[in-house]
Amino acid sequence: MWKDFKAFAFKGNVLDLAVAVVIGAAFGKIVSSLVENIIMPIVGLLIGGVKFTSLGFPSKDPIILYGNFIQSVFDFIVISFSIFLFIRLLSKFKRKEDVVEITEEAPPVDAKEVLLEEIRDLLKKQNNA
């Protein structure tokens, strides 16, 4: 059982996933701070000095703070969009690396193959004319 666990835990995909979770958590904190400390105060000023986290619906005992919900939804939208852009950027770099690897791995063309391709092209021209 220990061998199976080691084989599973040290596969490349599992390690990549663990690194992605740690980086995603740190990235989420950065974007949350950006939203809470910079973006939302600016939006509040544009709307007329409203602080979203203090918005609430007063009732007898509990106060329903719908402003916190608005803040959480806005945080989610900004975080998910920024992660989407980050992943999109990484995938573009990955595609460029794949193209470079494909072009480098092309086997050398044999002179006989080139000659056969030329003959084939000449025969096609004769048949079309």
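Helices, here DSSP runs of H or I spanning at least four residues, are numbered from the N terminus. On this basis the chain, taken from a predicted model, reads α-α-α-α along the sequence, and its secondary structure comes to four helices and zero strands. Of the 129 residues of the chain, 11% count as buried.

In soluble globular proteins, nonpolar side chains tend to be buried together. In the present model, the largest nonpolar core is formed by six residues, namely Val31, Val35, Met40, Phe52, Val78 and Ile79. Helices α2 (12-47) and α3 each contribute at least two residues to this core, and the greatest contribution is that of α2, which provides three residues.

A patch of positive charge comprises Arg88, Lys92, Arg95 and Lys96. Of these residues, Lys96 is located in helix α3, and Lys96 is classed as exposed because its relative accessible area, 56%, lies above the cut-off of over 50% that defines this class.

A patch of negative charge, likewise on the surface, is made up of Asp110, Glu113, Glu117 and Glu118. Asp110 lies in the loop that runs between α3 (66-104) and α4 (111-128).

How values were computed
Residues numbered from 1 in each chain as written. Predicted model: local features only at pLDDT ≥ 70, side-chain atom pairs only at ≥ 80, totals over all residues. Heavy atoms only, no water. Patch = residues over 30% accessible without salt bridge, like charges linked within 9 Å, V, L, I, M, F, W, Y side chains within 5 Å. Areas by Shrake-Rupley, 256 points an atom, 1.4 Å probe, with all protein chains shown as cover. Salt bridge = Lys/Arg side-chain N within 4 Å of Asp/Glu carboxyl O. Lys, Arg positive; Asp, Glu negative; His and termini not counted. Charge placed at Lys NZ, Arg CZ, Asp CG, Glu CD. Core = buried A, V, L, I, M, F, W, Y, C linked by side-chain atoms within 4.5 Å. Buried < 20%, exposed > 50% of the residue type's maximum accessible area, 1.4 Å probe, protein only.
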